[in-house]
Amino acid sequence: RHDWHLMRLYARAGGWKRLAKEPKDHFFVTEAVQHKFLDSENKVRVATAEEFVGRRRVLQECVRELRSGSCLGILVHGMGGVGKSTLAARLLERLTGYTPIVIFEQLSFEVVQRLLNEQCESEAGYDILNRQKILPPVQRLTKFLKQGLNEKNQKFCFVLDNFEANLEARSDGKQVIRISAVKSLTDLLHSVAWSHGGHRIIIT
């Protein structure tokens with residue numbers, strides 16, 4: 001209406017109360033999460049929280065799944081450029097209490113090891129990652145996620161961003177995971193599941 005500005009709001013005696021409820025998924029935006037999404041040239045590839053509009057229902061559904069006890073992780077898929085990485089960044093902001101580990105494109109045990117080392121403050125964790133080389137990667141990761149944490153209740157959320165870089169086309173044209181990445185992905189999935197520590201994985 002052209003005269004909407006003439007509207008008036010009246011309240012009963014007793015004072016004003018809140019006109020709307022605060023959303024349950026209220027969160028604080030942190031630049032640290034955004035700057036974990038770097039490409040090979042160390043450039044941020046995701047939109048800022050101010051630039052991100054919509055997808056509230058998708059975010060709520062994903063957070064609910066990630067926080068459920070039966071969920072190991074989620075897969076965010078779609079055409080290139082639609083905002084999969086940005087959605088993952090917004091999810092990390094809402095997953096308070098999780099330490100984010102963002103792996104861009106190429107997945108390998110060495111990459112996971114390096115990123116875990118960067119945040120590791122535990123002598124036991126450093127020893128598991130770097131000195132117990134007699135153990136296979138999956139056992140080292142599982143042991144680290146159980147015994148090498150900075151604190152007892154530390155939880156990780158691994159983001160395998162732009163994971164399609166690990167795919168290749170078969171002779172029939174179907175996209176499959178490269179053999180070099182299959183074991184690394186399987187090891188990470190198994191270690192997260194076997195550690196029973198509430199860690200999560202997001203694949204975009």
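**Exercise 1.** State how the residues that line the second largest pocket divide into nonpolar, polar and charged.

*Solution.* The lining of this pocket comprises two nonpolar, seven polar and four charged residues. Here Ala, Val, Leu, Ile, Met, Phe, Trp, Tyr, Cys and Pro count as nonpolar, Asp, Glu, Lys and Arg as charged, and the others, Gly among them, as polar. The model is predicted: local features need pLDDT of at least 70, side-chain atom pairs count only at pLDDT 80 or more, and totals for chains, interfaces and linings use all residues. Residues are numbered from 1 along each chain as its sequence is written, and side-chain values use heavy atoms, without hydrogens and water.

**Exercise 2.** Determine the volume of the second largest pocket and the helix that gives the largest share of its lining.

*Solution.* First, the pocket (on a 1 Å grid over the protein atoms alone, an open set of points with protein on both sides within 12 Å along at least five of seven lines; lining residues have an atom within 4 Å of a point) holds about 160 Å³ of space. Next, of its 13 lining residues, Gly81, Val82, Gly83, Lys84 and Ser85 are the closest to the centre. Finally, helix H3 (residues 84-94) supplies the largest share of the lining, three residues; helices are DSSP runs (H or I, at least four residues) numbered from the N terminus.

**Exercise 3.** Identify the residues that line the largest cavity and the helix that gives the most to this lining.

*Solution.* A cavity is a set of grid points where a 1.4 Å probe fits but cannot get out. The largest cavity, with about 30 Å³ of space, is lined by Ser108, Phe109, Val112, Leu141, Ser184, Asp187 and Leu188. Helices H4 (109-119) and H7 (179-195) each give two or more residues to this lining, and H7 gives the most, with three.

Key. Grid points are joined across faces, edges and corners, and a volume is the space filled by probe spheres set on the points.
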